[in-house]
Amino acid sequence: EGAPLRRLRCQQALSLVGTAAEPALREVLDDAELGGLARVWLAEHGAADVPPPSEAMIFWLTVDTVAAQLSAEGNSEELRALVEGLARQHSGFFDTAWRVDHPATADVLEAMGRLHPDKKIAKEARKAAFKARSQQGN
C-alpha cells in the first residue's frame, strides 16, 4: 500500500545523489515498477541513449505518481492541478487508465473523479474507477 510513496521518496533522494546514481538506474530500465522513474531521472540528468517508455509504462507511472501524491498530501491544490492537467493533456486518458495494472488504479481514478472540477470529466473518472474495480474483481 505504501509503495508509491516509497518510490516518490526514493526519487526525491536520488535528486541529491547526482550522476553517481546513473549505473544503478540503468540496471532497472526494464523493471515494470522502477523503469519509468529511472527513465525520467536519466532524461532529466542528460543521460544518453535513454530508451523511450512504452505507453503502458507512462500510464503506470502516472497512476503511481498520483497514488504517491494522495498518500503524501491528500487532496491538495497541487494534486488537483495535476489531475486537471492530466485530463486536459490526454484526451481519452480515462479510457486507457482504468486498464493500468497497478494496485492503486481504482483508488487513483476515484480520487481524480472527486478532485476534478469539471462534472463531465469527474464522471468519466468515476466510471473508469468502476471499470478498474470490476476488472480487479473488487
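Hi everyone, let's start inside: by class, the lining of the largest cavity has five nonpolar, two polar and two charged residues. Please keep in mind that this is a predicted model.

So, which residues line that largest cavity? They are Pro-4, Arg-7, Leu-8, Gln-11, Leu-37, Leu-61, Asp-64, Thr-65 and Ala-68. Helix 1, residues 3-17, and helix 4, residues 55-73, each supply at least two residues of this lining. The space in there comes to about 40 Å³, and the count of cavities of 30 Å³ or more is one.

Now to the open spaces. The largest pocket has a volume of about 260 Å³. Helix 1, helix 4 and helix 7, residues 105-115, are the elements giving two or more residues to its lining. Helix 4 provides the largest share, four residues. In total 14 residues line this pocket, and Glu-1, Pro-4, His-102, Pro-103 and Ala-104 are the ones nearest its centre. By class, we have eight nonpolar, two polar and four charged residues in that lining.

What about the second largest pocket? About 170 Å³ of space lies there. Which helix gives the most to its lining? That's helix 1, with four residues. Helix 3, residues 35-44, also supplies at least two. The lining residues include Cys-10, Leu-14, Leu-25, Val-28 and Trp-41, and by class the lining divides into eight nonpolar, one polar and one charged.

Technical notes:
Residues numbered from 1 in each chain as written. Predicted model: local features only at pLDDT ≥ 70, side-chain atom pairs only at ≥ 80, totals over all residues. Heavy atoms only, no water. 1 Å grid on protein atoms, 1.4 Å probe; cavity = no way out; pocket = protein on both sides within 12 Å on 5 of 7 lines; lining within 4 Å. Points joined across faces, edges and corners; volume = space filled by probe spheres on them. Nonpolar A, V, L, I, M, F, W, Y, C, P; charged D, E, K, R; others polar.
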